Structures are given as C-alpha cells and as structure tokens.
Amino acid sequence: MQIQAVETTQLDWTGDALAVGLFEGETDLVGDLAALNEKLDGTIAELIEDYEFTGKSGAVAVTRVGSKSPIRKIILVGLGDSTTITLDTLRTSAATIARTAKQEKVKTLGISLPAVEKADLSAQVMTEGLHLALHQDTRFKSDADEQAAKLETVHLLALGDQPSAIQKAETIVSGVILARELVSAPANEVTPITLAETAQKLASDYGLDLEILEQEDCEKLGMGAYLGVAKASDLPPKFIHLTYKPQGTPRRKLAIVGKGLTFDSGGLNLKPSGSGIETMKMDMGGAGATFGAAKAIAQLKPDVEVHFISAATENMISGHAMHPGDILKASNGKTIEVNNTDAEGRLTLADALVFTEKLEVDAMVDLATLTGACVVALGEEIGGMWSSDDGLAQEFQTASNLAGEKLWQMPLEEKYFEGLKSPIADMKNTGPRAGGSITAALFLKQFIEKTPWVHLDIAGTAWIDKDSGVNSAGATGFPVRTLVNWVLS
Ligand code: BES
Ligand code: MN
Ligand code: ZN
C-alpha cells in the first residue's frame, strides 16, 4: 500500500472511495462539504439521513455514489466533539477508514480529515493508523488468501506533500509490527535462542552493536536471580544487549530493558488452568517492544546512544527447577527469598537492571508484562507507570500522549515494601495480593542505585482481546511508539 499526502482537496479528488470526517453535531452541510454534496447529487445528505449519522466518535457510514460520479463510494467517519480532537483522533479515524475500505474492496482511497497541529504530524499519525489497522499476521496460516483485494493507493488530502513524515511513520510502524510478531509467535517459535537470532539480524541489518552473554558469562557476573529462573528450562538463557550509537558525541545516553520470558509456566508455583497459562507466550512483550523500538530507532538515527537489553529465558518446571523458598543472590549482592516462583519477571529484571546501571546511562526504562494486579487496576488500554524521577515521568507522559498509548502514573509507596520483608533474606520476591503491581515496582527499585528510572507494567496492554483503535485482537506492540518518541524527544 502506497500512502501519499497531497495538495488536492476532497472537492477535486477522484478514485474508488472518498472518506470524510465529520464532527459530532456538525452534520449540517456547509461550505466545502455542501459543494461536495452537490457534486455528488446529494449523496452525502442522504447518507447522513439514512444512517442517522451524528458524527459520534468511531461511527461509520458507507454508500455507493451514482455511476456517473468520479468517486465510486463515500465513507463518512465520526470524529466526536470538535473541541476534544487530538492527533490520536486522526490516528484511530484513519484506522477505522482503513478497515472499512478493506471491507468495501477499495483500491484507491482519498482521506479528508481536519489537520490537527501541523500537516506533517497529521500525515504521520494517519499513516500509522492505516498501516497498523491493516497489518495481518498470516505466518501460521497455511491458506492465507494472497489473492484478496488490497488497498493499493491512499491519498491524504489537503496536507501538501509530506514524504519525510510518511517515511518516519512507516519506520515506526515497522518497529511496532516486529514487536507484534514477536509477541504473537508461540513459545515453540520465539525462544531465548531465536530472540538472540532476531537481535543478531537487527544488528547486521541496521549496524547495531550486539553483545550476547551466555550462561557462563552471567554466572561470572553473579546473576543468580536471572539464572535461578532459567534453571528449569532445557533451553540456554540468552542475555541480549544491542547498542545504537550515533555518529559524533551522543546528546544523551538511554537504556530500554524488556522482560523477556518466552514462556511463563509459573514454575513450581505452576499456573493453574483458567489462569491464562496458554497466553504466556506474550510474557516477552517487554523484549518484543524493546527490539521493535531498536528497529525503528536504528533507522531514524537520532543523536542519542540507546542500549536495548533483555535477559531472555523461560520459566519452566523440571527436576532442576528452583524450589519455592530458595534463596537467590542477585548481581548487586542482594539476596531474595523466592516465596513464589511465578513472580519470575522481577528476578530476571533485577540482574538486567544492575547490568544496565553499570553502563552509566542518563536514564533507563524497563517494560514488563509484570503483574496480573496491573491488569486488574488499569485494564487493557492503559499501561502502569512508576518512576523515581518526576522529570523523567513527565517525558514519558508527553511521549505517550503523542503516541496514543496511554500510561497512568502509579505510586512507588515505600511503606508497602514492608510486604516484601523476609525473615531470612534481604527481601522476598512476592508481597501480599493487595497492591501487587506496586510491590513489584518497589522490588525492582532495589536493584537501581541512582540512575533516573521508569518502570512500565504492560501486562494489560501488550495483548488485546478485541479490535480497538489501531490494534486488532492479539499483540499490540505497546509501547514501541512511546519509546521512539521518548528517545527522539
Ligand atoms: N507474567 C505474569 C504476569 C501477567 C499476568 C502477564 C497476566 C500478562 C497477563 C507474571 O510473571 C506473574 O505471574 N505474576 C504474578 C505475580 C504474583 C505471583 C505475585 C501475578 O501477577 O499473578
Ligand atoms: Mn509469572
Ligand atoms: Zn511472567
């Protein structure tokens, strides 16, 4: 699909289908729209009446235009209240239009939506919405329909030529799709070994530095927490470290650390049936987003050095498995009583965070499908954010707003660390059920000394059960767009 922003307006455009955005309560046709309606023999007015179309956000109406018309179909999409329009309204409206156009077997599509902020940003977010909504993962289907009619050309009307904004959007989308495909692939396809191979491919395709620490290397560094989790797996752990280095002196040094559990069975605290064990291939959602961000950032080439890290392994059961109650020692010397082997993500992250801090970056973020408690608190559309640094939290809030990926800041309530106190070791890995996503964040904090840090719990947002906005049911690639915006900011 080729996307182009053009000077042409809705009045002059010709092609298969023209999509027009309408604000809620503004369906009286005036100005350009009245002229278009006239040109189309009153089709728009009829469509509004037939569908009782009010412009409600997300509403869609489609009809065939008379056969003499230079446009075959008209698609109306509701934009909601005109005073609350944001860039994300454009992104999700473009996604709605893309799905409708596909259903209607449209080949050439014109989109007329009001510009929000600057024309280049408008073109960027619409391009993101179009590609993300149409992305379909057919890797595991033997009868994928390659012959199905495809949307071939899209014109974003009245924005002027915007080649670099569209290129930037397509680069970001390539990162989101890599993340989605890594997360969607089952645990017999994406393993610690294949994740390391993916990192190797990114390194050679885009000129990144790659360091892989094997089990012995991790042993030498004293990564007892990470290796404790890896013990029961028949697959070797792979500690993956990709680096993007700009030419010249970097303006900033940053690190992104992703939880990389290619499967989480729970370990000997085995996940019972009904707990969603069959979805735990997604437990490398943090690593998926980390590598997705690496793919986009390596192509966008900002003047910032960025480290991409994941301590990849599986949480399995076997005679080698760590026992509930085992005491592990992390690479900063702290000891952990494992009172629940299913709180494994924080154990792998503990050593990954200690490793990352030694790189002396200016700021670091970890992303993890860390707790069911975060899903209960914030649902599937909002990620949890904890931070030791208000300025950094603000940077993330701005980046996430622009990305249309919602984050909600949660408290790092020190008092709750009492729930992690152990009579025998420095801490337990699991606190009480109440406030479970907060004690998880407090646990991670024990492995960082001074580097400004943000923790994102993406357990709810990495996977979605129903189509929503730019996401189709399945892996979302959350929060690749936010990470890219943060690094570029
Ligand atoms: N990977 C899970 C968290 C999770 C839950 C991710 C739902 C995606 C969807 C994590 O390793 C886990 O098992 N967490 C436990 C922690 C508990 C034992 C303290 C949980 O949330 O139940
Ligand atoms: Mn677990
Ligand atoms: Zn897990």
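Me: A salt bridge is a side-chain nitrogen of Lys or Arg within 4 Å of a carboxyl oxygen of Asp or Glu. At what N to O distance do the side chains of Lys-201 and Asp-205 meet?

Reply: This is a predicted model, in which local features need pLDDT of at least 70 and side-chain atom pairs count only at pLDDT 80 or more, while totals for chains, interfaces and linings use all residues. Residues are numbered from 1 along each chain as written, chains are lettered from A and ligands numbered from 1 in written order, and side-chain values use heavy atoms, without hydrogens and water. Lys-201 and Asp-205 are 4 residues apart in helix H6 (residues 192–206), and therefore separated by about one helical turn; helices (H or I, at least four residues) and strands (E, at least two) are DSSP runs numbered from the N terminus. Their side chains form a salt bridge with an N to O distance of 2.6 Å.

Me: Which residue forms a salt bridge with Arg-481?

Reply: Arg-481 lies in helix H14 (residues 480–488) and its partner in the loop between helix H12 (390–403) and strand E16 (406–409), so the pair ties together parts that are 76 residues apart in sequence. Both partners are buried, that is, under 20% relative accessible area, where exposed means over 50% and partly exposed lies in between (1.4 Å probe, protein chains only). Both also belong to a network of salt bridges that includes Asp-88, Arg-91 and Glu-128. With its closest N and O atoms 3.9 Å apart, the partner of Arg-481 is Glu-405.

Me: How is the site of the zinc ion (ligand 3) classed, octahedral or irregular?

Reply: Its donors, which are N, O and S atoms within 2.8 Å of the metal (3.2 Å for Na, K and Ca; water is not among the atoms, so sites may look incomplete), come from Lys-259 (NZ), Asp-264 (OD), Asp-283 (OD) and Glu-344 (OE), at 2.0 to 2.4 Å. Four donors count as tetrahedral if all angles lie between 85 and 135 degrees; four count as square planar and six as octahedral if opposite donors are over 155 degrees apart and all others between 65 and 115, and anything else is irregular. With 6 donor atoms and angles of 78 to 172 degrees, the zinc site is octahedral.

Me: Which residue coordinates both the manganese ion (ligand 2) and the zinc ion (ligand 3)?

Reply: The manganese ion (ligand 2) is coordinated by Asp-264 (OD), Asp-342 (O), Asp-342 (OD) and Glu-344 (OE), at 2.0 to 2.2 Å. Its site is irregular, with angles of 71 to 167 degrees among 6 donor atoms. Glu-344 counts as buried at 0% relative accessibility, and Asp-264 is buried with a relative accessible area of 3%. The two ions are 3.2 Å apart, and the residue that coordinates both is Asp-264.

Me: Helix H4 (residues 119–134) packs on the sheet; about what angle does its direction make with that of E6?

Reply: The sheet is open and mixed, with 6 strands in the order E1-E6-E5-E2-E4-E3, where two strands pair if DSSP finds at least two bridges between them. Strand E5 (residues 108–112) and strand E6 (residues 153–156) pair in the parallel sense over 4 bridges. Helix H4 touches E1, E5 and E6, contact being heavy atoms within 4.5 Å. Axes are lines fitted to C-alpha atoms, for helices over the stretch in contact, and angles run from 0 to 180 degrees between N-to-C directions; the direction of H4 and that of E6 make about 150 degrees.
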